[in-house]
Amino acid sequence: MTVTSTSTASTATTSATTPAICDAPPLPVLGRDVTVPLVTGGEVSYAALDYAASAPALQRVWDDVAAYAPYYGSVHRGAGYLSQLSTELFEQSRATVADFLGCRPADQVIFTRSTTDSLNLLAAVLPAGTQIFVFETEHHAALLPWQRAKGARVTCLAAPRTPEQAVAALDVALHAAPKGPKLVCVTGASNVTGEVWPVRRLAAAAHRHGARIVLDAAQLAPHRKVDVAELDVDWVAFSGHKLYAPFGAGVLAGRPDWLRDAEPYLAGGGATRTVVRRADGQVEAEWQESPAARHEAGSPNVIGAYAVASACKALTEAGFDRLAEHERQLLDLLRDGLAGIPEVRVLSLFGDGADRVGVLSFVVQGWNSSHLAAALSAEHGIGVRDGLFCAHPLVRHLLGGEPEDPGACGSPENLSFNAVRVSFGVGTPHEHVRRFTGALAKLVREGAAWTYRTESGRCVPAPTA
Ligand SMILES: Cc1ncc(COP(=O)(O)O)c(C=O)c1O
């Protein structure tokens, strides 16, 4: 039996013959027709400009999941027809993700809950005494799991100001490191600045010194082709909900050996070959050898994995060149709009000419970023993110804060240490970016039309203006 949905990437509204500037987004997403109430009265269509947090589902993903849903069954257990079908689709999804990532033949794809989960899994399987190298610019999900790895020593490198500095700093740190297993963890694209990191060169530096490298592709994979073999990274991690597949699945893919040699990430059903009760009353388990089975204990999230695979197919069929060109147009529009507001300062490590995905953060002189974000939502129906974006050291560095300065994700209390982030992707029409820059200019020029207050750590409209 096959499971088919009616929508394909061919429902996209532009084609190879599309003129250079076209307002239509390349792939349809859910939520295009959603309207939201304004605090000042009336309703407006919602402009989702927070793709970097969670992107809307592709219509194609939704349709594929809906087509599969009636056939939903248990995976790797159950003799019934639908269990067998679900097992087959789950394993096909694994193969699709491996293709999407350009995995080498021996690489393994493990389904997790998210990038955070994937990197914690890798941290849990590190050989004893592994030295880890990260930049302070990482998202907390890539900065923190290593601190908990048994016997591991973490070196946190200062934020570089150019891609070349990043490569040179890593080179020096690895050169000075004592012998033993080493792992470098690096982001593909920053969730704060959107800037693309020199992954291939960092991988070459890591391998030159006998270190391995894991790529945090949470922000890169939804925007650019990630090819594990071509980048020569050892592992890659990403999240389905940022890749237009919001069904609770993530991926860790890459080399099998450390995964095969370690204790299972979760102990439980599916990770075991046999379990016995010994005569002395102890329970003994013999674990599965295959990394996927060993580290995917419990009933797998088959809908999540299927949705991730569906998104991988849709993005591949649409073509990353075309998707990147659409984003480049949106970025140009955004930057032009922001350039007309002198109070705006765009946050950047690598400077104006840096290659970026559709993620950009900024501050506005005289404004608390949480206040701005709240007003953009309440008065204009535009959803952006405010705060420190779970990358406190980086945002502090960019805003000139001291390490002791407090920071909290999304909290409006830290007035000088938060920023606004705008992010977009395959479903974003040009009109959303134009609306955003227009609304921002109006707010900066005229002030907010409503009053706001802090409630449970968030800036929200007061009940009456
Ligand atoms: C660069 C980066 N890495 C890791 C993560 C963590 O992703 P998740 O919350 O899906 O685990 C994020 C989330 O924003 C991110 O932007």
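Two strands pair if DSSP finds at least two bridges between them. Strands are DSSP runs of E of at least two residues, numbered from the N terminus. This is a predicted model: local features need pLDDT of at least 70, side-chain atom pairs count only at pLDDT 80 or more, and totals for chains, interfaces and linings use all residues. Residues are numbered from 1 along each chain as its sequence is written.

- Four strands form an open sheet in the order 13-14-17-16, with antiparallel pairing.
- Strand 13 (344-346) and strand 16 (385-387) each have a single partner strand, so one side of each lacks a neighbour in the sheet.
- From one strand to the next, the twist averages 30 degrees (axes are lines fitted to C-alpha atoms; angles run from 0 to 180 degrees between N-to-C directions).

**Partners of strand 17**
- Strand 14 (residues 359-364) runs antiparallel to strand 17 (residues 419-423), joined by four bridges.
- On that side, F362 stands opposite V420 of strand 17.
- Strand 16 also pairs with strand 17 in the antiparallel sense, over three bridges.
- Here D386 stands opposite V420.

**Burial of strand 17**
- Five of the five residues in strand 17 are buried (20 or more other C-beta atoms within 10 Å of a residue's own, with C-beta atoms placed from the backbone).
- In a regular strand, side chains alternate between the two faces of the sheet.
- A419, R421 and S423 point one way from strand 17, while V420 and V422 point the other way.

How values were computed:
A residue is buried if 20 or more other C-beta atoms lie within 10 Å of its own, exposed if 12 or fewer, and partly exposed in between; C-beta atoms are placed from the backbone.
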